[in-house]
Amino acid sequence: MSSNSRQPSRMPLFLTDDDVDAMSDWDEAISAIRSAYSTSGDDRRTPGRIFAQTEREWMRIMPSVPAGGRLFGAKSMVGSFADGLHVGYLITLFDKDTAELAALVDGNRVTGLRTAATTAVGAAALTPSRAVTLGVVGSGFEARSHVAALSHVLDIAEVLVYSPTTANRERFAADVTTLVGVPARAVDTARDAAGCDVVLCAARSRDETPTVLADWVGPDSTVLSIGSTTPAQRELDTELIRRASIVVVDTVEEVVHGSGDMLHARADGVDVDSLVVPLSDVLCTQVEPDLHRGIRIYKSTGSGLQDVVVAEMLVDRARAEGRGTVLPVGIVTSRK
C-alpha cells in the first residue's frame, strides 16, 4: 500500500430496501429537499444525467455535490433486457472531507420518496394557503406516494381520482381515504379530476399523447407534472403550457430539453424559456409566483441532488437508531 494511502476511519453503512422502508418519513424527506433547494442553483454541483447503453443493457448515473450536508455522491440506475426488463438502483455516498465511502443505499424506495417529497415542496410554493381539492390522474405507485406527501403540505379538502380502469380508481380512492384521512372518490373522466384546484398528473397514456388538456384545467390552478421524463413522453398538451403563468422545474436543462411536454411546446411556438423558473429561485424568493392568478405548473424529471440529500437523511437516521449493516471493509483513499 502506498504511504500516501489510508484505510477508512469509519466503516461504511449499507441500507437495504427494508431499512429504507422502515425509516422513510415524509416530513423529514420534505425538509431535506426544501433545504437543498433553498440555496442558489449551481449546475456544477448537479450536472445532467450520464447515459451508457446497448441494445441489451443501460445505465444512468445522476451525480450531485449538495451545498449543504456532509456527503456527496450519485445514484446509479441499471437495466438489463436479458430476461425481460430488470432494473436496479444504488446510491453511493462519500464523505466530503475525506472522500471515504460513507454508505451504499438501495435506491428503490428512495426514488419514490424523493420524487414525491420534491413535488410537495414545489406544490407548497405554488398553491395558496387554503383548503383545496386535489385531482389525480393515475392510480399507481407514484400517484399514491404523491398524495401521501402532498397531504403533509397542503390543506386537502377532497381527492378526486381518475384512471382508465374502474376497479383501480375505486380502490385508489378507498385507500387514500384510509391513508391520509381525506375524503376521496373515483370520477369517470380525466376532465373531472383536472378541474380541481390542484391537479396531479401521474399517468402517461399508452400512445404518449397528453393525458391532461388545457380546456379541462381551471384558470387559477396548480398543475403538478411528474410522469413525462423523456423526450418521447407526454402528459400536458401544448396549450396548457402556453396558458401557464409560470413553469417551476426541479432541473432546468433536463425539463426543457429532455421532456416531451416541453419539446412539443417549443416546437409549437411556445416561448418555453420565458416560462421556466428553477425551484431554487422560488424558494430563495428571487422569483415570487402570483398564487391567485394564472395557471402554475410544477414539472419534474428528477435529480441526483434529491437522491443524495434524502439518502444522507436516511443514513443519519440509521446511525442514530443503530439500523443498517456496517460493512467490514471500505475503500482506500490516497493523497495525491
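Predicted model: local features only at pLDDT ≥ 70, side-chain atom pairs only at ≥ 80, totals over all residues.
1. Helix 3 and helix 12. Helix 3 spans residues 108–126, and helix 12 spans residues 304–321. Their axes come within 9 Å and cross at roughly 110 degrees. That angle makes helix 3 roughly perpendicular to helix 12, because angles of 65 to 115 degrees count as such. The crossing of helix 3 past helix 12 is right-handed.

2. Residues at the crossing. On the helix 3 side, the contact involves Val110, Thr111, Leu113, Arg114 and Thr118. Helix 12 contributes Gln306, Asp307, Val310 and Leu314. Sorted by class, the contact of helix 3 with helix 12 holds 4 nonpolar, 3 polar and 2 charged residues.

3. Cysteines. The whole structure was searched, and 0 disulfides turned up. Cys201 is in no disulfide. Its nearest cysteine sulfur belongs to Cys196, 11 Å away, whereas a disulfide needs a pair of sulfur atoms within 2.5 Å.

4. Cys201 has a relative accessible area of 0%, so it is buried. Cys284 has a value of 23% and is therefore partly exposed. The cut-off for buried is under 20%.

5. Ile50. This residue lies in strand 3, residues 50–53. Ile50 is partly exposed, because its relative accessible area is 48%; exposed would require over 50%. Setting aside neighbours within four places in sequence, Ile50 is in contact with Met59, Arg60 and Ile61.

6. A distance check. How far apart in space are Ile50 and Lys336? They are 26 Å apart, C-alpha to C-alpha, with a sequence separation of 286 residues.

Note on methods:
Residues numbered from 1 in each chain as written. Heavy atoms only, no water. Axes fitted to C-alpha atoms, helices over the stretch in contact; angles between N-to-C directions. Helix = DSSP H or I, 4+ residues; strand = E, 2+ residues; numbered from the N terminus. Parallel < 35°, antiparallel > 145°, perpendicular 65-115°, else oblique. Left-handed = near helix turned anticlockwise from the far one by under 90°. Contact = heavy atoms within 4.5 Å. Nonpolar A, V, L, I, M, F, W, Y, C, P; charged D, E, K, R; others polar. Buried < 20%, exposed > 50% of the residue type's maximum accessible area, 1.4 Å probe, protein only.
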